[in-house]
Amino acid sequence: MGKKRRLSWAVMVDGRAIWTRNAVPKLSQYGESLRRFKGTEYRRWDPTRSKLGAALSRARHTQYDLLPQDGDTCLYLGAGHGTSLSHIHDQVCGIDNQKNGRIIAVDLSPRCLRDLVHLASLRPGLVPVLGDARKHSAWGIMVASKVDWLLQDVSQAGQAEIFINAVKRFLKKGGKGLLSLKAASERFNEGGEREVFQNVRDQLEDAGLTIEEQIDLHGLEDNHCLYFVTN
Ligand SMILES: C[S@@+](CC[C@H](N)C(=O)[O-])C[C@H]1O[C@@H](n2cnc3c(N)ncnc32)[C@H](O)[C@@H]1O
């Protein structure tokens, strides 16, 4: 067993493993293990199943800053089946949304939405939305005020542009934005993946965003990096 330290009220690091305080006690969301620390149940955050989990494991300077605060309002574009989302919910909302947080989770796929709706029935504070991250006019009304934290993980071409538009429209001044970028979804030139990562970095900076850290996820999520920015 490694040395334990807390990243927040709900997130614990034990050696190399990251754990979140389970907001739905006794329930494992995606087959992850459950364990008690001092009488409280935690779920293991598998960094090979979650890019945010991988980024938390790999961050060099920003491990304590990447996650939203409890009670924050968050926007998640490309929430998928809810793997990473469930851990964010543990942090932002907790049991019965004791922290009064709100996470708007958008995905394009009806199959994912079904899973997200089920997750929301167990996890109050979660708001699933069927929508295209590029088409704010269709679902933007669900985001009543600007958010504290925005994560995008859509794995489709034009990821940086989609992210910049979302940040401009939905992220509070001083908020945190996380872009999980899959290089293989973008067009490659001879420079390959490295060039894609550099081009995206340039795009983010040209849009006036400050890059707090660019986190390479190689080995946990190949072909990916995660940009942590503030505006
Ligand atoms: C890599 S998966 C997300 C995994 C999830 N973020 C997690 O860590 O648990 C990418 C998701 O983005 C969704 N997606 C792709 N393009 C999208 C778009 N334009 N708008 C919204 N969702 C999109 C896909 O349906 C898919 O569920």
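Which of the 20 residues around the ligand come nearest? The first legend answers this. This is a predicted model, where local features need pLDDT of at least 70, side-chain atom pairs count only at pLDDT 80 or more, and totals for chains, interfaces and linings use all residues. Residues are numbered from 1 along each chain as its sequence is written.

**View 1. The shell around the ligand.** Gly78, Gly80, Thr83, Ser84 and Ala133 come nearest, out of 20 residues around the ligand. A residue is near a molecule or strand if its C-beta atom, placed from the backbone, lies within 6 Å of it. Helix H2 (83-92) supplies at least two residues of the shell, and so does strand S7 (102-107). Helices (H or I, at least four residues) and strands (E, at least two) are DSSP runs, numbered from the N terminus. The shell holds seven nonpolar, eight polar and five charged residues. Here Ala, Val, Leu, Ile, Met, Phe, Trp, Tyr, Cys and Pro count as nonpolar, Asp, Glu, Lys and Arg as charged, and the others, Gly among them, as polar.

**View 2. The open sheet of seven strands.** The order is S8-S7-S6-S9-S10-S12-S11, and the pairing is mixed. Two strands pair if DSSP finds at least two bridges between them. Strand S8 (126-130) and strand S11 (210-216) are the edge strands, each pairing on one side only. On average, neighbouring strands of this sheet are turned by 15 degrees against each other, direction ignored. Axes are lines fitted to C-alpha atoms, for helices over the stretch in contact, and angles run from 0 to 180 degrees between N-to-C directions. Strands of a sheet pair through backbone hydrogen bonds, either parallel or antiparallel.

View 3. Five bridges link S7 and S8, which pair in the parallel sense. Opposite Asp107 stands Leu130 in S8. Together, S7, helix H3 (residues 110-122) and S8 make a right-handed β-α-β unit. A crossover is right-handed if, with the strands pointing away from the viewer, the path from the first strand over the helix to the second runs clockwise. H2 lies across strand S6 (73-77), S7 and S8, and runs at about 165 degrees to S7. Two residues are in contact if their C-beta atoms, placed from the backbone, lie within 7 Å.

View 4. S11 and strand S12 (residues 224-230) run antiparallel, joined by six bridges. Ile215 has Leu226 in S12 as its bridge partner. Asp222 sits in the loop between S11 and S12. Why is Asp222 exposed? Because it has 11 other C-beta atoms within 10 Å. A residue is buried if 20 or more other C-beta atoms lie within 10 Å of its own, exposed if 12 or fewer, and partly exposed in between; C-beta atoms are placed from the backbone. Asp222 and Thr48 are 174 residues apart in sequence, yet 9.8 Å apart in space, C-alpha to C-alpha.

**View 5. The loop between H2 and S7.** Asn97 lies in this loop, between H2 and S7. Its phi is positive, about 50 degrees, although Asn97 is not a glycine. Most residues other than glycine have a negative phi, and most peptide bonds are trans. Asn97 is partly exposed, because 17 other C-beta atoms lie within 10 Å. Gln98 is found in the loop between H2 and S7 as well. With 13 other C-beta atoms within 10 Å, Gln98 is partly exposed. Gln98 and Gly71 are 27 residues apart along the chain, and their C-alpha atoms are separated by 8.6 Å.

**View 6. The open sheet of five strands.** The order is S1-S2-S3-S5-S4, with antiparallel pairing. Strand S1 (4-6) and S4 stand at the edges, each with a single partner strand, so one side of each is left without a neighbour in the sheet. Neighbouring strands of this sheet are turned by 35 degrees against each other on average, direction ignored. S1 and strand S2 (residues 11-14) run antiparallel, joined by three bridges. Arg5 has Val13 in S2 standing opposite. H2 lies across S2, S3 and strand S5 (40-45), at about 60 degrees to S3.

View 7. Lys26 lies in the loop between strand S3 (17-21) and strand S4 (34-37). Its phi is positive, near 75 degrees, in a residue other than glycine. Lys26 is exposed, because 7 other C-beta atoms lie within 10 Å. Helix H1 (residues 51-58) is mostly covered, with seven of its eight residues buried. Among the buried residues of H1 are Lys51, Leu52 and Gly53.
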